[in-house]
Amino acid sequence: MPEKWEWVEPLFEFEALEMVPQPPAGFTPFGEMEEPDVRVDLLVEDDPEADEPDLEVVDEADREDEANEDEDSV
Amino acid sequence: MSVDDAHRVAPIFDPARLELARKYRGFTKAELAEEIEVSAAAVSQYELGYAKPSPAVVAKLSLSLGFPLQWFSQGRPVVRVDTAGAHFRSLRAASQREREHAFAQAEFTWEIAQALERKVRFPVLHMRPTKVSADAEGAHIEDYAYQVRRAWDLNRGPVPNVVRLLESRGIVVTRLSADTRRVDAFSYHFPTRPVVVLADDKANKTRGRFDAAHELGHLLMHSDAEPGNRILEQQAHTFAGAFLMPAEDMTSELPSKLDWPTLLQLKQTWGVSIAALLYRARTLGIISEPTYRRAITYMSKRNWRKEEPGDLGPAEQPTIMKKALSLLASRNYTVDDLADATRLPVDVVRLVASLQDDDRPAIQFDEGTVGSSLPTIGRSARDAQVLDLPSWRKRNSN
């Protein structure tokens, strides 16, 4: 086997590895994180005009403007 | 279904709805013609609107396709996916039949979401699309993915549930029916909300997460671009990689040598495949191109390209419609009512709303109706428990 391939061979079995609890990495594993809240609310009354729900296209410039306004108001 | 119903629907028959139902069930015109005992040319005439089917034929269409009679009557025009505007990946492997089935499911998904939004409020669509040119550099896309993470209040580190994250930002997500695995995920901008359709890959969590992030990239960057372009696919891949594995975190996390235990641990932490981690390591210059290639060769030899070690459990499932129906249960609004509102079969609504794994009534075979092999429950073909394209076709071929 060429020398460059030597590093490839594992010195462990993955099956065994999976049985051993791993020390936590620097970040909380994705599966242990709080899941995003998918907010769904009942409408007070049925909305027959709901074919076009309000859309909020977030514009970064608007966000900055809002932030500036907040700062100005302080 | 009554004879009167068929007589009422026949004069106001909607050709587009026939075509959509046929494509969803995976019939060619000739196959459907054989089912309903007319010529293939007749089916074409019905779909083109050059001829209207008789009440008896409408009844047969309803039974053969498992769609309620009311589905075929005119109403609000069905919003169709413009196939030139949907971002598909690896569709070359999928048959025309599978593609059309997938498009139809996307259209049904949007219809169902529309019906639900008359009764519940979904999350506001929180997106800031941008235009990314075909020659945009990777760094530009990296930066954009970083901005999206910030706009969506994601802290440093892994992304939690990607499907729910998209739903929480107003994107509707659905999963394709079983055995359509040659169709990859795709996304489409419907008039009011984008829809992401994920492949049926319930056992592969990492693939679904990456696919969802990939489609987010398309929705944000390529709303006006012509889909199918290899460069756009590459850009969406770069976006997904940067979104799920930000450079500022991964630079210190990824090993510079092929340290498989560390890669496996990172897979568990970040919810991405080892292959994606390696690709990311190459993109960030942490490993060299030859090293990357050797790693992929190594993985291929061990069949890890198809089945990686370190299973992360079942794929993330869409929840938004399920949650809406759960809330509506307090008003005695059920999945049957949603099927009535959309005129869709219950099996389609259940699939789209990711209710298919819930308890459902047992299948019964009503031998006394037209299309005697049709499994039905209850009062109409709307209730037919037809689960997916292949089983529907298989059933009909028996």
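Modeller: Gly157(B) lies in the loop between helix H7 (138–151) and helix H8 (162–168) of chain B, where helices (H or I, at least four residues) and strands (E, at least two) are DSSP runs numbered from the N terminus. This is a predicted model, in which local features need pLDDT of at least 70 and side-chain atom pairs count only at pLDDT 80 or more, while totals for chains, interfaces and linings use all residues. Residues are numbered from 1 along each chain as its sequence is written, chains are lettered from A and ligands numbered from 1 in the order in which they are written, and side-chain values use heavy atoms, with hydrogens and water left out.

Biologist: Is Gly157(B) buried or exposed?

Modeller: Buried means under 20% relative accessible area, exposed over 50%, and partly exposed in between, with a 1.4 Å probe and protein chains only. Gly157(B) has a relative accessible area of 0%, and therefore counts as buried.

Biologist: Which residues does Gly157(B) touch, not counting residues up to four places away in sequence?

Modeller: Contact here means heavy atoms within 4.5 Å. With residues up to four places away in sequence not counted, Gly157(B) touches Phe27(A), Arg149(B), Pro246(B), Asp249(B) and Trp270(B).

Biologist: Which helix gives the largest share of the lining of the second largest cavity?

Modeller: The largest share, 4 residues, comes from H13(B).

Biologist: How many residues does the largest nonpolar core have?

Modeller: A nonpolar core is a set of buried Ala, Val, Leu, Ile, Met, Phe, Trp, Tyr and Cys residues joined through side-chain atoms within 4.5 Å. Among the residues with the most contacts inside the largest core are Phe67(B), Trp71(B) and Phe108(B), and this core has 66 residues.

Biologist: Which helix supplies the largest share of this core?

Modeller: Phe108(B), one of the residues with the most contacts inside the core, touches Phe67(B) and Trp71(B), among others. The largest share of the core, 10 residues, comes from chain B, namely from helix H6 (residues 96–116).

Biologist: What pattern does chain A follow along the sequence?

Modeller: The secondary structure of chain A comes to 2 helices and 2 strands. Read along the sequence, chain A follows the pattern α-β-β-α.
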